[in-house]
Amino acid sequence: ETVTIPAAVKSIGANAFNGCAALSNINSDTELFTVPDTIAYIGESAFAGCKSLKSLIIEGNAILGISAFASCENLAAVKISGNTPEGKEAVDTVIWPAAFRGCTNLKVATLDANVTAIGIDAFRDTPLETISLPSSLISIDYGAFSNTRLSAITIPDSVTNLGGFNVGIFGSYKYDLYGVFAGCELLKTVKINNTEARTQALTI
């Protein structure tokens with residue numbers, strides 16, 4: 001149920017805890033699953049299928065590998081804090097493809113400073129209702145929020161890539177058609193670059 005990660009550990013390898021259904025916390029006896037800011041890399045499927053995870057905090061800046069937390073079916077909230085350990089240089093946080101795909105209870109995600117990219121299908125097939133995106137964000141890839149329950153979203157001005165296409169074509173209402181929000185039946189409003197557009201005009 002509990003795993004202790006020493007401060008000297010800098011990365012968690014691929015499949016390290018894949019399918020550990022009882023695992024619910026790190027370095028704690030609470031249900032709050034906190035990845036310490038000493039961890040810079042979480043490998044592919046490292047915590048996939050960990051059904052007892054309920055609330056996740058990633059304290060530092062880390063690369064989240066492909067399917068790192070996929071199919072954690074009881075995970076309800078995610079926060080990436082973006083703290084930089086004292087004496088360390090700040091690094092980018094990248095959410096790789098399908099990192100949270102299939103987390104069927106995930107409703108809230110808060111992405112703080114230094115998150116620069118959200119990969120293909122990162123939050124696909126989750127009931128995500130609320131997400132906070134930081135001004136550091138540059139890229140949101142194809143399918144990142146497909147089949148979620150978002151009703152509105154604000155894309156930071158910093159984003160220059162959405163679904164693999166430059167955001168400059170937003171004015172022609174071709175932007176987002178590329179599947180970033182495909183299947184988001186509740187989505188009514190997308191805001192970007194101080195422009196608001198109804199999703200009906202975007203053919204999601």
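Colleague: How many helices and strands does the protein have?
Modeller: The model is predicted, local features need pLDDT of at least 70, side-chain atom pairs count only at pLDDT 80 or more, and totals for chains, interfaces and linings use all residues. Residues are numbered from 1 along each chain as its sequence is written, and side-chain values use heavy atoms, leaving out hydrogens and water. Helices (H or I, at least four residues) and strands (E, at least two) are DSSP runs numbered from the N terminus. On that basis the protein has zero helices and 18 strands.

Colleague: Which residue in β6 does L32 stand opposite?
Modeller: Four bridges join β4 to β6 (residues 55-58), and the two run parallel. The residue opposite L32 is S55.

Colleague: Is S45 buried or exposed?
Modeller: S45 lies in the loop between β5 (41-42) and β6 and has a positive phi of about 55° although it is not a glycine. Buried means under 20% relative accessible area, exposed over 50%, and partly exposed in between (1.4 Å probe, protein chains only). At 13% relative accessibility, S45 is therefore buried.

Colleague: What is the relative accessible area of D121?
Modeller: D121 sits in the loop between β11 (115-118) and β12, with a positive phi of about 60° although it is not a glycine. D121 counts as buried because its relative accessible area is 14%.

Conventions. Pairing = 2+ DSSP bridges.
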